Structures are given as structure tokens and as C-alpha cells.
Protein chains: 2
Amino acid sequence: MKQNIYDNPIFFHHYKTLRQKASNYNRLLEQPTMKALLPPLTNLQVLDIGCGMGNFAKYCIDHQAKHVTALDVSSNMLSVAKQEHAHSQIDYQLQAIEDYEAPSASFDCITSSLSLHYVKDFDAVIGQIAHMLRPNGVFIFSVEHPIATARHTTDDNWVYDDNHQRLHYAVDHYQEEGLREQTWLVDGVVKYHRTIATLVNTLITHGLTIDKIVEPIPSTAAIQQLPSIEKELRRPSFLFIKAKK
Amino acid sequence: MKQNIYDNPIFFHHYKTLRQKASNYNRLLEQPTMKALLPPLTNLQVLDIGCGMGNFAKYCIDHQAKHVTALDVSSNMLSVAKQEHAHSQIDYQLQAIEDYEAPSASFDCITSSLSLHYVKDFDAVIGQIAHMLRPNGVFIFSVEHPIATARHTTDDNWVYDDNHQRLHYAVDHYQEEGLREQTWLVDGVVKYHRTIATLVNTLITHGLTIDKIVEPIPSTAAIQQLPSIEKELRRPSFLFIKAKK
């Protein structure tokens, strides 16, 4: 990172409003997919990277995890987390993953929801994760899909006809990995585009085994709640990779 | 398959002309990538699915493979193969992979260049391949990239401005797997679109381990020979997966 857009007060205000809606991509698509990929959590030591407001950390404890170490770079996020999802078995830490140190084989399960696209040195972070994971441990993460991050633009990647109907999704610059500056709630949100090959091969290089890739599809119920989410059928917003040590 | 567009005389004429050019995607991009992914071939039993004109089968023998079984559905292709790349250690067979049977653990290395997107039942074919592969055997295949096959259209997926400059690449219908009818050399070439998740997970489901994913990037020399290939930097045409049993 250590981008910390979440401590920008305007961004955080918009973000909180978005997340409080009953129908958002997080609740309808990202979190259901993440939870479906989890192993049985009973007695596991979990590390959640980019824990945000702590909902997922609390979910893990509610599902019998032994302990969750929950990292975030945003003090705004963590203050909400500590208010709303405080628990004696959750250790919230104001910390970037790049600066976090833990002994080898400390965790049974490492998760990260939509935060690793903020990381500049993906290879180094995956090296740390592989080091901290116990043998047979599981690593599950989601990032914005490379199809969605590829193009250098601050515009919407959807292309519309004269009646404002979506014609198709624009992809470009796919092989140019690195910085992308985007507008999401506010200007100047900085992300890193990586190809699918890089995302997968970096894990393998660090000794992890790919267990599953998911490009999530909204359920019929999700589409009923939030009709616009149907466009996920036209191009995926998220990519999940589950890997084992 | 068992699409056999290669036995359409007009298609085959165009295809042969294209392949005979010194500068084509096959020579500059697909084949160099495939060859770089190969294990040392010395003494290996190879199965090449969709062997075409036999160049690759011959390459394997030239690099000390013990034997190559080379399948193709096109008698046009195989007659060229038998003329130009006949060898006592190559067994050319007019056969769709779906109809091919071999004992369990018959091959050390199974390859397929740009043919598995013609296969209707990918799961069944990967099951066969996993069955025919020896323990520690290697399976390497390339298909048209899901970014390129996603959209239901017979048009070019590139979108141009008024000066015929490429603006971006159009993606759509990504999650709708299945038949795509495309124009390539002739009308009505039938292919099957599959998501990246399906391509990867099908291999894993059949007990294979993902070793590497490649979305090939043309070399500087390739771009010098064929400047138009530079657009591969904007979106990948091919996806390679290397897996081990």
C-alpha cells in the first residue's frame, strides 16, 4: 500500500452510506462467495487482511474460529469495527499487511476481501502470507477482476448507446500491470492491475496450491433485490482465488 | 467437437495460406509459448490433441520424445502432416479426442494447441486426459482466451474510432458459457466459450494440479516482424494452462 483512502473523510462518508444499504455488492456477491469458500472454522486461527468494519472477523468468531487477527490501515474503519464488532477473540490492529510480522505457520486460514489490489508489491505480500500459513492452511482472497482493472481510464468502462443502454464492457492495456487511478466515490483512488496469470503464478511460486477460482455470479434473489447487479453476468467484477499450503 | 471446419475446402485453403506466412500468431506467439512450457521431452510418450499439420509432433520427436500419438479430426490436416512430417515414431490418427481411448497412464505429456475450445463437453475430455496421464505427467493446453470468446457476436470485438484506430476491446456475456459462432476465414466457425474459473476448476476437479498460467505477450522481435501483434498487449488472445498429475 499503503494507500489509505478510507481515512479520507469524504470517501469514508460515502463508503459507510454504501455499505449500510441492504443491497450492495458486498452483501449480495462478495461476502456470500467468500463465506462459501471458507473451510469449517472450528478452532482455527484466522488472519483477515483489510478487515474493514469487522463484520467478517465477527462472522468467523460466530462460526467457532478460535481467534481472528484483523488488520486494517484505516483508523476510521477500525473505530467502527471496535464499536460494532468488538470481541475478546478478535485482535484489531491498525496495520498494513506489508508491515505486519508474525512467526512462520501462525495461521490456519488467511483471508482478504477486496484489499490486495491496493498492494504495490504483490509478490512480497504473498511471500509473507505463505510464510505465516500453517501446512494445509487455506488462503482465500478476492480482488477486483483483471478484466475490470485493466483499462487506464477514470471513466466508466461500460460503453453505452444513445439510449443509455449498456452496449459492452471496454477492456484495454491488459498486459500493462501496475498503477491504475480510478474514480470510486471520490477521485484518485489508487489500485494495482495484475493479470490473471500473475495472480495465480505468484501463489504457486510461493509454494501454494490452487484449490479453486471463482468469478462470482449473482443469485436470482440478489438480482431481484438489486436488478443492476445482473450486469455481473456480462463481465465479472471480482476474482476469488482459494489456495492451500 | 466434433466440428470439422478444417475439412471445409475454402476454410482450409485460407488456413493453409495463413499458416504458410512466416509471420503469423502461431509461429510468433502460440508455438513459442507452448514450447517454453514443455518439460524435457527425452524418452516421453506424448499425446498431441488437434495436431494439425504435424509440425509440433515432429518438434517433439526432434527433441527426443520417444513417441507421439497425434490426433486430428481433419483429413485435410492429416494428409499434409503425413506428407510433411511423417516419422516412424509419430502415429497420426484421424480421431476426435472425444472418441479416442487409451489405457490409464499411457502418456507422460499431453498437449493441445488451440483445439479444446472446439470441444463441447470439456469436463468429459479433461476426465479422459487425467485418466490417460501418468503420475507426474504434464498436461499443457492453449485455448482462445475467455476475454476473446465471451461476446456473442460475429463482428470484430475491437471497437474503432472514426480514423479506424482501435479504441478498446469489447467484452460481454462472460458468464454465458457455451456455443459461439464466429467468422474466422469463413462464416460459421463454432467454438465454446468457457470462463477462466471453469477452465481451471475442471482440471483441479479431475485431480490435476495447476502449475502455471500464461497469457502470452509478444516479444519485441515478434512485434518487429508483425507490428499488428502489438495489440496482444491490450488484451490477450490466448490462455495457456500447464497442469501436473
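I use "buried" for under 20% relative accessible area, "exposed" for over 50% and "partly exposed" for what lies in between, with a 1.4 Å probe and protein chains only.

**Ground rules**

I am reading a predicted model, where local features need pLDDT of at least 70, side-chain atom pairs count only at pLDDT 80 or more, and totals for chains, interfaces and linings use all residues. Residues are numbered from 1 along each chain as its sequence is written, chains are lettered from A and ligands numbered from 1 in the order in which they are written, and side-chain values use heavy atoms, with hydrogens and water left out.

**Entry 1: chain A as a whole**

I began with the fold elements and found 8 helices and 11 strands in chain A. Helices here are DSSP runs of H or I with at least four residues, strands are runs of E with at least two, and both are numbered from the N terminus. Chain A has a radius of gyration of 18 Å, close to the 18 Å that the globule rule gives for 245 residues, so it is as compact as a globular protein of that length. That radius is taken over C-alpha atoms, and the rule is 2.2 Å times the number of residues to the power 0.38. I also noted the span of the C-alpha trace along its principal axes, about 55 × 40 × 35 Å.

Of the 245 residues in chain A, 58% count as buried. The accessible surface comes to about 10200 Å², and carbon and sulfur atoms hold 48% of that. These areas come from the Shrake-Rupley method with a 1.4 Å probe, and for residues only the protein chains shown count as cover.

For contacts I use heavy atoms within 4.5 Å. Among contacts in chain A between residues at least 6 apart in sequence, 68% join residues at least 24 apart.

How are chains A and B related? A rotation of 180° with 0.0 Å of shift along its axis superposes chain A on chain B, with an RMSD of 0.0 Å. The two copies are thus related as by a two-fold rotation axis. In chain A, the C-alpha nearest that axis belongs to A:A170, 2.5 Å away from it. The superposition is by least squares on C-alpha atoms of residues with pLDDT of at least 70 in both copies.

I checked the interface too: 100% of the interface residues of chain A are also interface residues in chain B, so the copies meet through the same surface.

**Entry 2: a helix in chain B**

I picked helix α5 (residues 122–132) of chain B. Among the buried ones are B:F122, B:I126 and B:M132. The cover over the buried residues of α5(B) includes β1 (45–49), β4 (107–113), β5 (133–144) and α7 (196–205) of chain B.

Most residues other than glycine have a negative phi. I looked up two residues with a positive one.

- A:A105 has a phi near 55°. It sits in the loop between β3 (90–94) and β4 (107–113) of chain A, and it is partly exposed at 27% relative accessible area.
- A:H173 has a phi of about 55°. It lies in the loop between β7 (166–171) and β8 (178–184) of chain A, and it is buried at 18%.

A:F240 is in strand β11 (residues 238–244) of chain A, buried with a relative accessible area of 0%. Leaving out residues up to four places away in sequence, its contacts include A:M34, A:L37, A:F141 and A:I213.

A:V46 is in strand β1 (residues 45–49) of chain A, and its relative accessible area is 0%, which makes it buried. With residues up to four places away again left out, it touches, among others, A:L41, A:C60, A:V68 and A:F107.

Beyond neighbours within four places, B:S75 is in contact with B:D7 and B:L94.
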